[in-house]
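Please look over the sequence and the structure first.

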Amino acid sequence: MIGIFGGSGFIGRNLIDHLNATEIGFRVFSRREVPGLDAKTTIINFESPESYVEYLRDLEVVVLLVSASVPSTFANEIASEVERNVLPYSRFLQAARSTGIQHVVYISSGGAVYGPPLSPVISEEHPTNPISPYGCGKLMVEEMIRTMSTEGRWTYTIIRASNPIGRYQSSEKGQGLVARALDAAISNRALEIWGDGGSLRDYIDVRDLCDVVERCLGAESARNQVYNVGMGKVYSVNEIVDLCADVTGMQIERKYVREKSFLVRDVRLKIDKVCQQLEWKPKFDVRSPIESEFAHALVASGGRPLTFAHQ
């Protein structure tokens with residue numbers, strides 16, 4: 001049985017939709033109930049694994065999506081990042097040692113863990129020099145999973161994802177440029193952009209990311225591997241906002257403010273490894289998940305559902 005931890009979040013909800021279209025058996029663990037979530041869900045406090053360790057004994061594979069922060073949450077508070085993210089994972093992994101868990105899939109960051117690029121394209125071998133508490137926290141969790149795997153208790157796959165976009169993403173926690181841009185368009189508010197909008201990012205349709213996660217669940221080639229996962233293309237912040245305006249048919253007012261010191265300016269991920277080892281490639285271009293997210297955002301805000309011909 002596969003356990004999905006953090007199933008009520010953006011990636012988790014999309015992964016549930018993805019796995020429901022397969023014959024893979026799974027169980028969802030979440031801190032809250034989500035209306036319309038089509039999966040058997042157990043409500044837990046992730047920070048207290050002693051309260052749910054009996055469920056862990058029924059699992060062979062776990063997908064770890066739990067996160068209490070986005071890059072801006074604890075921008076200058078490393079202690080908060082450790083307390084809210086790293087320590088809960090340490091307790092979970094300690095409890096998992098006494099169970100039958102054989103494989104761990106962890107969603108990390110394809111930008112924050114690397115820090116400022118030392119080469120034009122970032123491969124998995126690029127040094128990890130995070131410049132933010134968020135990136136540091138992600139890397140610490142990666143290292144805990146790897147270190148504990150040396151005991152032979154489990155294998156692991158670390159997915160260093162670029163910027164996932166698509167349905168269910170919310171702007172409430174400042175999560176994601178696209179979510180914030182679409183919210184600005186729908187609510188007719190100015191979009192705050194950090195810097196001049198020229199910063200380059202790799203994006204990925206969350207459906208493509210879920211495809212990679214599925215492939216990592218059982219593939220021997222994915223054991224004890226780290227993968228960069230993205231589209232393999234980069235877009236500037238301004239280009240993404242232009243796309244959001246085009247999809248919505250609305251003007252998006254931009255308010256440029258000082259760039260944040262904790263953000264890595266330009267990230268170009270090399271994705272050859274995951275493409276070769278898992279025989280995978282992205283199916284969706286960058287416009288498709290923006291359309292999907294906009295349609296969902298309109299319904300969530302009480303607007304009319306939209307469909308797109310090439311969605």
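Predicted model: local features only at pLDDT ≥ 70, side-chain atom pairs only at ≥ 80, totals over all residues.

Seven strands form an open sheet with parallel pairing. Their order is E3-E2-E1-E4-E5-E6-E10. Strand E3 (41–43) and strand E10 (225–229) stand at the edges; each has a single partner strand, so one side of each is left without a neighbour in the sheet. From one strand to the next, the twist averages 20°.

## Strand E1 and its partners

In the strand order, E1 stands between E2 and E4. Strand E1 (residues 2–5) pairs with strand E2 (residues 26–30) in the parallel sense, over four bridges. In this pair, glycine 3 is opposite arginine 27 of E2. E1 and E4 also run parallel and are joined by four bridges, with phenylalanine 5 opposite leucine 64 in E4.

Are the residues of E1 buried or exposed? Ile2 and Ile4 on one side are buried, and so are Gly3 and Phe5 on the other, so that both faces of E1 are covered. From E1 the chain passes through H1 to reach E2, in a right-handed β-α-β crossover.

## Helices across the sheet

Helix H1 (residues 10–20) lies across E1, E2, strand E4 (61–64) and strand E5 (103–109). The helix H1 runs at about 165° to E2.

Helix H4 (residues 133–149) lies across E4, E5 and strand E6 (155–161). Its direction is at about 160° to E5.

Methods
Residues numbered from 1 in each chain as written. Heavy atoms only, no water. Pairing = 2+ DSSP bridges. Helix = DSSP H or I, 4+ residues; strand = E, 2+ residues; numbered from the N terminus. Axes fitted to C-alpha atoms, helices over the stretch in contact; angles between N-to-C directions. Contact = heavy atoms within 4.5 Å. Buried < 20%, exposed > 50% of the residue type's maximum accessible area, 1.4 Å probe, protein only. Right-handed = clockwise from strand over helix to strand, strands pointing away.
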